[in-house]
Amino acid sequence: MKIRAASRSATLIFIIAASASAAGSGSDPADRRARLERAYLELRQKRWAEAVALLGALLDEDPGDARLRLQLGYARQALGDRAAAADEFAL
């Protein structure tokens, strides 16, 4: 009986974890907020490539966010990609 109960508990934990993973990174506002904070941390730490990746993913979810687009432009400029930065600033 104890083995069967433990097996059921492990199965339930697996199902819960799989459901949380399948929910996607953009479905939870708290997750989006955490990714936004991480992007700003990368900017403050001058880790431009990481910031570009995070900001790009956030902009894929909300292309109209001018604040993110501006920050992405600054990060691209810091990486020396002036053409891509200019594209971000132009939008």
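Predicted model: local features only at pLDDT ≥ 70, side-chain atom pairs only at ≥ 80, totals over all residues.
Residues are numbered from 1 along each chain as its sequence is written, and side-chain values use heavy atoms, with hydrogens and water left out.

**Exercise 1. Work out which elements the protein has and what percentage of its residues count as buried.**

Step 1: Start with the elements. You'll find five helices and zero strands; helices (H or I, at least four residues) and strands (E, at least two) are DSSP runs, numbered from the N terminus.

Step 2: From the N terminus on, they read α-α-α-α-α.

Step 3: Now look at burial. Buried means under 20% relative accessible area, exposed over 50%, and partly exposed in between (1.4 Å probe, protein chains only). Of the 91 residues, 22% count as buried.

**Exercise 2. Describe how helix 3 and helix 4 pack.**

Step 1: Know what to look for. Two packed helices are described by the angle between their axes and the distance between the axes.

Step 2: Get the values. Helix 3 and helix 4 have axes 9 Å apart, at an angle of about 150 degrees. Axes here are lines fitted to C-alpha atoms, for helices over the stretch in contact, and angles run from 0 to 180 degrees between N-to-C directions.

Step 3: Name the arrangement. That angle makes helix 3 roughly antiparallel to helix 4 (under 35 degrees counts as roughly parallel, over 145 as roughly antiparallel, 65 to 115 as roughly perpendicular and the rest as oblique).

Step 4: Check who meets whom. Contact means heavy atoms within 4.5 Å. Residues of helix 3 including Trp48, Val52 and Leu55 meet residues of helix 4, among them Leu68, Leu72 and Ala75. By class, this contact of helix 3 with helix 4 has 10 nonpolar, two polar and two charged residues. Ala, Val, Leu, Ile, Met, Phe, Trp, Tyr, Cys and Pro count as nonpolar, Asp, Glu, Lys and Arg as charged, and the others, Gly among them, as polar.

**Exercise 3. Locate Asp65 and decide: is it buried or exposed?**

Step 1: Find the spot. Asp65 is in the loop between helix 3 (48–61) and helix 4 (66–78).

Step 2: Check its accessibility. Asp65 has 13% relative accessibility, so it counts as buried.

Step 3: Follow the side chain. The Asp65 side chain reaches the backbone nitrogen of Arg67 at 3.1 Å, and one of its polar atoms lies 3.2 Å from the backbone nitrogen of Leu68.

Step 4: Leaving out residues up to four places away in sequence, Asp65 touches Arg32 and Leu59.

Methods. Polar contact = N/O pair within 3.5 Å; in protein donor to acceptor, adjacent residues only side chain to side chain.
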